[in-house]
Amino acid sequence: MSGNGNGNAINEVSVDCPAKTNLTLHVGAPRSEWGGRHELDTIYCAVGVYDTVTASRKKPGAGFSLNLDGAYLGDLASSGSDMRRNHAVLALFAMAEASSHEPDVALNIEKRIPVGAGMAGGSADAAATILALNTLWNLDWPIERLQQVAATLGADMPFCLTGGYARGTGFGEQIEQLSKHSNDVRELTKQGFAGRLLVGAYQAELRTPEVYAMFDQIGAGAGDNNHLQQAAISLHPRSGQAIDEALLAGAKQAFISGSGPSVIAFVPTDDAARAVQSAWQQSRCVDRIIASKAPAHPIVHIIA
Ligand code: ATP
C-alpha cells in the first residue's frame with residue numbers, strides 16, 4: 001500500500017514540469033548504431049513554462065484515462081483517440097512495467113508548453129508522469145533509477161526529470177547535471193543566457209526529423225550556438241525574423257529553441273522585455289508571447 005510517510009495512502013499527485021531549451025546544441029554525425037540519430041553535445045536548460053500533470057489513483061482494474069486541458073494543445077487536440085501514443089501515457093506504462101504496478105491511473109495534463117516547438121513538451125509530460133507515479137505508488141526511487149526508465153522513452157526525458165542545467169551527450173540522453181557554478185554555465189550566464197526571457201511561440205509545429213534532414217543538407221550557420229538554427233529558420237522563416245527583431249530591440253541573446261520553431265529571447269531589463277514584446281506584437285512575427293525565466297525545476301505536490 002502506498003503511503004505518505006504517515007501511513008495514509010496517497011491518492012493524487014500533481015507535478016509542474018518545466019520546458020527545456022538548449023543553450024548550446026552542437027550536432028555531430030548521424031550514427032547508424034543509434035538508428036541514424038545524430039551525436040549531440042548540448043547544454044540543456046529548463047525554462048519556467050510548466051505543464052502540470054496530475055495522476056490520480058483509480059479502482060483496481062479500472063485501467064488508465066487521459067484528459068488534456070489548455071488553450072494550446074496543437075495537434076494533440078485532434079489525437080484524442082490516439083492517447084496511447086501520448087508521451088505521458090507511454091511513461092505511465094513504462095513505470096507500471098518497471099515497478100510491477102497496474103496502470104490504474106487517471107492522468108490530467110494542463111498544457112502550457114507549446115507543442116512541437118523544440119521545448120520538449122512531450123518529454124516534460126512524460127517526466128512529470130514518472131515523478132508523479134514515483135510518489136503516488138510510494139516507490140521513492142532515486143533519480144538515477146527514474147532516469148533509466150525515462151531513457152527508454154526519448155533523448156531529452158532524463159534531463160526533464162531534474163531540470164536546472166545539464167550537459168547532454170550521446171544522442172542527448174547521457175546527462176551530467178551542471179550547477180550554476182560550473183565553468184560552462186558561468187560562461188553562458190556571462191554571455192546573457194540566464195534569467196528573464198520571452199518565448200516567441202507558434203501555432204505551426206516543426207517535426208524534429210525534418211529539421212535534422214534540413215541540417216544534413218545545409219549544415220550549421222557560422223557562429224551559431226545552436227547548430228539546428230539555420231535549418232529551423234529555413235523551414236520556418238518567421239523564427240529568423242523574431243530573432244533579428246529581438247536582438248535589435250535589446251535582447252541579450254535570441255535563438256531557436258532546440259529544433260524550433262520557438263524562439264527564446266533573454267532580456268536583461270524591463271525596458272528590453274517591453275521593447276522585444278512590442279516589436280514582436282507589431283510585426284506579428286510570433287503567434288504567442290510567454291514571459292518566463294530560466295533555469296527552472298520540476299515541482300511535486302501531494303494533493304490528496
Ligand atoms: P522533440 O522532443 O522531438 O524535440 P518538441 O519538443 O519539438 O519535440 P513536443 O511538444 O515534445 O515537441 O511534441 C512532439 C510531438 O510529440 C507532438 O507533435 C505530439 O504529436 C507528440 N506528443 C505526444 N505526447 C505529447 C505530449 N504530452 N505533449 C506534447 N506533444 C506530445
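This is a predicted model: local features need pLDDT of at least 70, side-chain atom pairs count only at pLDDT 80 or more; totals for chains, interfaces and linings use all residues.

How many Å separate the centres of domain 1 and domain 2, taken over C-alpha atoms? I get 23 Å. Numbering runs from 1 along each chain as its sequence is written, and side-chain values use heavy atoms, with hydrogens and water left out.

**Domains**

I have domain 1 at 12–179 and domain 2 at 192–294; such bounds come from an automatic or database domain assignment. I looked up who touches whom, with contact meaning heavy atoms within 4.5 Å. 27 residues of domain 1 are in contact with 29 residues of domain 2. The two domains bury about 2,100 Å² between them, and 55% of that is on carbon and sulfur atoms. (Buried area is the accessible area, 1.4 Å probe, that two parts lose on being put together, summed over both.) On the domain 1 side, Leu23, Leu25 and Val27 lose the most area to domain 2, together 23% of what that side buries.

I also checked for salt bridges, meaning a side-chain nitrogen of Lys or Arg within 4 Å of a carboxyl oxygen of Asp or Glu. The rule finds one across the interface of domain 1 and domain 2. I also noted that the side chains of Asp75 and Arg207 meet in a salt bridge, 3.1 Å from N to O.

**Pockets**

I used a 1 Å grid over the protein atoms alone: a pocket is an open set of points where a 1.4 Å probe fits, with protein on both sides within 12 Å along at least five of seven lines, and lining residues have an atom within 4 Å of a point. Points are joined across faces, edges and corners, and a volume is the space filled by probe spheres set on them.

The largest pocket holds about 1,400 Å³ of space. I find 48 residues lining it, with His87, Gly122, Ser123, Asp156 and Thr208 the closest to its centre. Elements giving two or more residues to the lining include strand S1 (12–31), helix H1 (87–99) and helix H6 (208–218); helices (H or I, at least four residues) and strands (E, at least two) are DSSP runs, numbered from the N terminus. Each of domain 1 and domain 2 supplies at least three lining residues.

The second largest pocket has about 160 Å³. Arg57, Lys58, His101 and Trp137 are among the residues that line it.

**Backbone**

I found a cis peptide bond between Gly260 and Pro261, omega about 5°. Pro261 sits in the loop between strand S8 (253–256) and strand S9 (263–266). Another cis peptide bond joins Ala294 and Pro295, with omega about 5°. Asn138 has a positive phi of about 55° although it is not a glycine.
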